[in-house]
Amino acid sequence: MASPMSAGGFLAGLRAEGLTVVEVGDWEHHNRNHKGPWGPVHGVMIHHTVTKGSERTVRLCRDGYADLPGPLCHGVITKDGTVHLVGYGRANHAGLGDDDVLRAVIAEKALPHDNEANTDGNRHFYGFECENLGDGRDPWPEAQLDAIERAAAAICRHHGWTERSVIGHLEWQPGKVDPRGFTMASMRKRIRDRLK
Ligand SMILES: [Zn+2]
């Protein structure tokens, strides 16, 4: 059970972890809080965008689509490892997922297989969208993987969470495949080593 970080604290935490951060527009007040609650927060969710081109990717994640308004995450991590802050508060990234998974994240236990979509994830997860086509062939540059590791670790550090509070969208919602191209187990190991 944790209250979300302040926007200023979020920005400072990312920078303290050694990240290059770009603030996009009025990101601190761009959110979906009028549609539902934001918090308590329990974890961090990693996604891929299925897009190519950093500028276009950041714009899409800020604005969203006609049937899925933005922000689509809090931070966009582009191929060069830059974190672009596009929103803060409730964001349209996690959708409905499995309550058993949420319980495991809260307890920081091994994740059960996600087989239900019955729980509001936008309320409970920080979200990072990562620029990648998600076809299993588009490479994940080391700078980008390093930034994912640092961004997740910064949030875990603030809340006193372990790497087990960091999950992929594919571990949350049945049918999702993101992120594709590296394993969440390998990313959690990196985060664990960083938090030591
Ligand atoms: Zn996703």
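## Ground rules

Residues are numbered from 1 along each chain as its sequence is written, and side-chain values use heavy atoms, without hydrogens or water. In this predicted model, local features need pLDDT of at least 70, side-chain atom pairs count only at pLDDT 80 or more, and totals for chains, interfaces and linings use all residues.

## The zinc site

The protein donors of the zinc ion are His 47 (ND1), His 169 (ND1) and Asp 178 (OD). Donors are N, O and S atoms within 2.8 Å of the metal (3.2 Å for Na, K and Ca); water is not among the atoms, so sites may look incomplete.

Along the chain, the donors follow the spacing H-x121-H-x8-D. His 47 sits in strand β2 (residues 43-48), and His 169 in the loop between β10 (166-168) and α5 (184-195). The two are 122 residues apart, so the pair links distant parts of the chain. Helices (H or I, at least four residues) and strands (E, at least two) are DSSP runs, numbered from the N terminus.

His 47 is buried, at 1% relative accessible area. His 169 is buried too, at 5%. Buried means under 20%, exposed over 50%, and partly exposed in between (1.4 Å probe, protein chains only).

## Helix α2

In α2 (residues 54-63), Thr 57, Val 58, Leu 60 and Cys 61 are buried. Seen down the axis, the buried residues fall within an arc of 165 degrees, so they line one face of the helix. The arc uses directions from the helix axis to the C-beta atoms.

Just after α2, Gly 64 takes a positive phi of about 75 degrees.

## An exposed glycine

Gly 18 lies in the loop between α1 (7-16) and β1 (21-23). Gly 18 counts as exposed, at 51% relative accessibility.
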